[in-house]
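Reader: I would like a close look at a single part of this model, taken slowly and with its surroundings kept in view. Please give the cut-off behind each term as you come to it.

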Amino acid sequence: MEPPTAAARIDRSTTRRAVLGGVAVAALGSIAGCFGNEETANAPDPISIDAEQACDNCTMVIGNHPGPAGQSHYEDPTAVLDEDRPAQFCSTLCTYAFTFDHEQESEPVVSYLTDYSAVEYEVDDSGQRTVISRHLEADAFGDASELTMIADSEVEGAMGKSMIPFADADQADEFQAEYGGDSYENDEVTQELIMSLMN
């Protein structure tokens, strides 16, 4: 076999350089994705939700119900609320429903949902419904954009059908294997999905 010509060597090295450059760009993109965009990086931290707080979407008292809760932080909360505070919700469904309903007025800087990878949770099947424990402390919440949600499983929350969020995708898979449901990332959640779960 004849050794490659100079032109072939140049083509091969150019291709290799292009591939390595592409890999480097992809790696940087992955790292940027892990840390979120600049706006999310500068977002306010989650707060602890008072158990007596009424849900800003459905008005149910948040502490009276099981399952994941949520909160959305707006640059100007008065655009969507009568008060200068984060919007607070009894469920993942109410968090998304409120966001979709008010997207014309304002988009949240960040939304947080209960992260069941961050808490010692319990699933209770001793009653008529199988429900998951409620956690309202600030460190129980994770950025919704970084969570995997298991929707429409056997495990319910405040609104009945629920979306149970996990930061750890493996834990989400384990939960899904045990209790069923469908897996969604934040950007896959649509208003149609939320309405189908709330009906």
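This is a predicted model: local features need pLDDT of at least 70, side-chain atom pairs count only at pLDDT 80 or more; totals for chains, interfaces and linings use all residues.

Author: Residues are numbered from 1 along each chain as its sequence is written, and side-chain values use heavy atoms, with hydrogens and water left out.

The protein has five helices and nine strands, where helices (H or I, at least four residues) and strands (E, at least two) are DSSP runs numbered from the N terminus. Along the sequence these elements follow the pattern α-α-β-β-α-β-β-β-β-β-β-α-β-α. Of the 199 residues, 40% count as buried, a term that stands for under 20% relative accessible area, with exposed meaning over 50% and partly exposed in between (1.4 Å probe, protein chains only). Among contacts (heavy atoms within 4.5 Å), residues 24 or more positions apart account for 69% of those with a separation of 6 or more.

The buried residues are Thr92, Leu93, Cys94, Thr95, Tyr96, Ala97, Phe98, Thr99 and Phe100. They pack against strand 1 (70–73), strand 2 (87–89), strand 3 (110–114), strand 7 (148–151), strand 8 (163–166) and helix 5 (191–198).

The axes of helix 3 and helix 5 come within 10 Å and cross at roughly 135°, the axes being lines fitted to C-alpha atoms, for helices over the stretch in contact, with angles running from 0 to 180 degrees between N-to-C directions. The two helices are therefore oblique to each other, since angles under 35 degrees count as roughly parallel, over 145 as roughly antiparallel, 65 to 115 as roughly perpendicular and the rest as oblique. On the side of helix 3, the contact is made by Leu93, Cys94, Tyr96, Ala97, Phe100 and Asp101, and on the side of helix 5 by Gln191, Ile194, Leu197 and Met198. These residues divide into eight nonpolar, one polar and one charged, where Ala, Val, Leu, Ile, Met, Phe, Trp, Tyr, Cys and Pro count as nonpolar, Asp, Glu, Lys and Arg as charged, and the others, Gly among them, as polar.

Strand 7 holds Met149, which is buried with a relative accessible area of 0%. Leaving aside neighbours within four places in sequence, the contacts of Met149 include Tyr96, Leu113, Met163, Ile164, Pro165 and Val189.

Beyond neighbours within four places in sequence, Ser91 is in contact with Pro68, Ala69, Gly70, Arg134, Ala158 and Met159.

Finally, the cysteines: a search of the whole structure finds zero disulfides, a disulfide being a pair of cysteine sulfur atoms within 2.5 Å. The sulfur of Cys58 has its closest cysteine sulfur in Cys90, at 3.6 Å, which is too far for a bond. Cys90 likewise is in no disulfide, its nearest cysteine sulfur being that of Cys58. Cys90 counts as buried at 0% relative accessibility, whereas Cys58, at 23%, counts as partly exposed.
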